[in-house]
Amino acid sequence: MAMEGGSIGEVREEPPEDDLYNLLMVKVMNFNWRRSEVQLVSFLLRKASSLRKLLIVSPNVTPPDLPCVEADLLLLKAALANGKIILSESDDIATQPYHSAF
């Protein structure tokens, strides 16, 4: 496993890429644009190569400026622009959870 350094005293361990291969859709509820939430979404965008849609339910649908996670935020904004991320203020019927077996 590759180790990636974070801030002082923080080390993040990244799982092998094939662990997320079958991940097609993710729904994130109560997204409040906290640093850890932005990093999680950025991680999913980078590592889940099969990911088709990332649904984010947040009371604030406008990404704020967060200098501490600027690179992660740029990745999120690019995914918003190309339609990979759907950002919504409410959890409507279109974003209800579902599961499928392969």
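Glutamate 37 is buried, with a relative accessible area of 17%; buried means under 20% relative accessible area, exposed over 50%, and partly exposed in between, using a 1.4 Å probe and protein chains only. This is a predicted model, in which local features need pLDDT of at least 70 and side-chain atom pairs count only at pLDDT 80 or more, while totals for chains, interfaces and linings use all residues. Residues are numbered from 1 along each chain as its sequence is written, and side-chain values use heavy atoms, with hydrogens and water left out.

Glutamate 37 is found in helix α1. Helices (H or I, at least four residues) and strands (E, at least two) are DSSP runs, numbered from the N terminus. A salt bridge is a side-chain nitrogen of Lys or Arg within 4 Å of a carboxyl oxygen of Asp or Glu, and the structure holds one. The side chain of glutamate 37 also reaches the backbone nitrogen of tryptophan 33, at 3.0 Å. Leaving aside residues up to four places away in sequence, glutamate 37 touches Asn30, Phe31 and Asn32, where contact means heavy atoms within 4.5 Å.

Next comes the sheet. Three strands form an open sheet in the order β3-β4-β5, with parallel pairing; two strands pair if DSSP finds at least two bridges between them. The edge strands, each pairing on one side only, are β3 (25-28) and β5 (85-88). From one strand to the next, the twist averages 10 degrees. Helix α1 (residues 35-47) packs on this sheet and touches β3, β4 and β5; its direction makes about 170 degrees with that of β4. Axes are lines fitted to C-alpha atoms, for helices over the stretch in contact, and angles run from 0 to 180 degrees between N-to-C directions.

In soluble globular proteins, nonpolar side chains tend to be buried together. A nonpolar core is a set of buried Ala, Val, Leu, Ile, Met, Phe, Trp, Tyr and Cys residues joined through side-chain atoms within 4.5 Å. The largest one here has 19 residues, and Phe31, Val41, Leu45, Leu54, Leu76 and Ile85 touch the most other members. At least two residues of this core come from each of β3, α1, β4 and α2 (70-81). Its largest share, five residues, comes from α1. Not counting residues up to four places away in sequence, the contacts of leucine 54 include Val26, Val41 and Ile85.

Terms used. A polar contact is a pair of N or O atoms within 3.5 Å; within protein, one must be able to donate a hydrogen and the other to accept it, and residues adjacent in sequence count only if both atoms are side-chain atoms.
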